[in-house]
Each structure stands twice: as structure tokens, then as C-alpha cells.
Amino acid sequence: MTHSTIQVQAQGRVGWITLHRPRQLNALNDALMDELGAALRAFDADPGIGAIVITGSDKAFAAGADIEAMADWTFMDVTAGQFITRNWEAIRSVRKPVIAAVAGYAMGGGCELALACDVIVAAESARFALPEIKLAMLPGAGGTQRLPRAIGKAKAMDMCLSARMLDAQEADRYGLVSRVVPDAGLLEQTQALAAQIASYSLPALVAIKESVNRAWESPLSEGILFERRALYGRFASHDAHEGMHAFLDKRTPAFEHR
Ligand code: CAA
């Protein structure tokens, strides 16, 4: 499949999607989000892929929703066209782990795209902000919801109301990102992390992702119940028995992803 706004390749069991609108700092227009959604769905359906990475350029992961595209839209345009909902939400349906590898600007929708991923690896140059208030807009791709869950209300309000930009170290301290790496090592270290994740049993990864996401979306009692059912489900799998027996036999497990 040919793409005009992203680049797609597989490295072993890791599917890489590189946002590629360099002149617009990877601003997320509908064409890009359509291609991103299709690429995510394709990797999610590919049994040879165990983890997916989304990345941008050295200068920008993504500078947000495309302001030029949105500038003259009306209420009816965004309602009838299901802005955000139609394509940005595709990422929520991906069952495999998705890692954002962020260098440079992750602003507005770019920050929200990273927040929608399961793991964020930030280069030292990464900068995170929700500057929509400067446009008299609001972070409307999950930012007002995911950011407070990730870093708490006080920090999220500060970022959303003042457009404060966080550098990678601040983002790490606040719990916005999973880990920080040197710029020169971003792609290599993200590939190593993604390959490690992808080497594990895929159904177990999917169960863990679903369970952790329950923690965001349900009361503790419901989350614990969901987790317990997911745990019991592991005993119906080949891989869990293989993993435990391999440990006891002091050998490397041979997962079959079933
Ligand atoms: N949409 C469209 N084009 C964008 C863009 C965006 N979000 N961000 C940058 N660009 C374009 C610029 O217009 C510029 O184009 P030209 O060369 O044709 O003038 C080009 O990318 C390079 O940008 P700058 O010259 O501004 O680069 P810089 O290095 O001086 O600044 C920046 C970088 C700080 C990221 C700055 O570009 C910026 O502030 N961008 C806008 C960030 C923003 O407001 N994002 C939120 C968008 S709204 C949103 O995301 C809503 C939502 O929740 C869904």
C-alpha cells in the first residue's frame, strides 16, 4: 500500500509508522490520520507483528491538528465529518502494544496522539504542550481527559490553561512519559524495547493492555474483577503453561502466541 503522509515498515516483529509531513511539522490532517488508522489496523491484524511504534522526525513528533485545514470549518463541518471521532479514535481499537517514540515537538494533537499510545519513549529534545488555548480552542483529541489521568489535575490544568511546555525531564518527572533516552539512541532503544515486548506472548500482552486500560476507565472493584478474569484466562493458553514450565526447566520459552 502506498502512503503520502506516513512511512511504514516492519523490523522483525515490530511495526514502525513514521509520520511524514515534514514541511508542516507532521501536523495531523485527515489524510494523515486516515493513513495512520489504516496502518495501525493492518499491523494489528498481522500475526507477524507483536508491537507497533509511532514516531515522527527529529524536529517534531507532531505539531498538532492541522490548523490550516481547520481554520474555516463550521460546527456542522466537524459534526457531520465526525472530526477526531472518525479517524483519530482508531488508535483506541488497537489491541497490540503501541509505543510513541517522541523527539522534538509533541504539541496539541501531537501530544494527545502520544498520550493515546501505551508507552511513550521521549528523546531529550522532546517537548510536550497542549497550546490549544492560544487558538481559543481546547485539547479535543483526549487531552483534557488523558492528561489529568496521566499526571494529575494540578499539572494538567496548568498545561491546558497556560499552554505551558514541558521538556523531556519534566515530562518524565510528572509521569507523562515512560522513559527518556538520548536523541541519538531514540530509534535504536525504542526498537530494542518494542522487540523485547513483541517477543512475549501476544495474547498475554493483549490481556495486560486491556487490564491496565481498565484501571483508567472503571472503579477499582470492576478493574480488579476484570483483571482476575484476565488472569484466569491465561490458564486456558498454551503460552502461560509454556512460560511457567520453561522457567522450571531453566530454558527459554517457545511462545506460540496462543
Ligand atoms: N498545523 C498546520 N501547520 C503547522 C502546524 C499545525 N499545527 N504547526 C506548524 N505548522 C507549519 C507552520 O505553519 C509552518 O508552515 P510555513 O513554513 O508554511 O509557514 C511550518 O509548519 C513550520 O512551523 P514554524 O515556522 O512555526 O516552526 P517553528 O520551529 O518556528 O515553531 C512550533 C514550531 C512551536 C511547533 C510552531 O509551529 C507551533 O506553535 N505550531 C502550532 C502548535 C499548535 O498550536 N498545536 C495545536 C493545534 S490545535 C489541536 O491540536 C487541536 C486538537 O486538540 C485536536
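User: Which atom of Ala63 lies 3.0 Å from a nitrogen atom of the ligand?

Analyst: A polar contact is a pair of N or O atoms within 3.5 Å; within protein, one must be able to donate a hydrogen and the other to accept it, and residues adjacent in sequence count only if both atoms are side-chain atoms. Here, a backbone N or O atom of Ala63 sits 3.0 Å from a ligand nitrogen. A polar backbone atom of Ala65 is 2.9 Å from a nitrogen atom of the ligand, and one of Gly140 is 3.0 Å from a ligand oxygen. This is a predicted model, where local features need pLDDT of at least 70, side-chain atom pairs count only at pLDDT 80 or more, and totals for chains, interfaces and linings use all residues. Residues are numbered from 1 along each chain as its sequence is written, and side-chain values use heavy atoms, with hydrogens and water left out.

User: How many residues surround the ligand?

Analyst: A residue counts as near if one of its heavy atoms lies within 4 Å of the molecule. The ligand has 24 residues around it, and Lys59, Ile67, Gly109, Glu112 and Glu132 are the closest.

User: Let's turn to helices. At roughly what angle do the axes of α4 and α5 cross?

Analyst: Helices are DSSP runs (H or I, at least four residues), numbered from the N terminus. Axes are lines fitted to C-alpha atoms over the stretch in contact, with angles from 0 to 180 degrees between N-to-C directions. The axes of α4 (residues 109-116) and α5 cross at roughly 55° and come within 10 Å. That makes α4 oblique to α5; angles under 35 degrees count as roughly parallel, over 145 as roughly antiparallel, 65 to 115 as roughly perpendicular and the rest as oblique.

User: Which residues meet there?

Analyst: Contact means heavy atoms within 4.5 Å. From α4, Glu112, Leu115 and Ala116 meet Gly143, Arg146, Leu147 and Ala150 of α5.

User: And where do α5 and α6 meet?

Analyst: Leu147, Pro148 and Ile151 of α5 touch Lys153, Lys155, Ala156, Met159 and Cys160 of α6. The axes of α5 (residues 143-151) and α6 (residues 153-162) come within 7 Å, crossing at roughly 140°. That makes α5 oblique to α6.

User: How are α9 and α10 oriented to each other?

Analyst: Their axes, for α9 (residues 202-217) and α10 (residues 220-234), come within 9 Å and cross at roughly 170°. The two helices α9 and α10 are therefore roughly antiparallel. Residues in the contact include Pro203 and Arg214 of α9, and Phe226 and Arg234 of α10.
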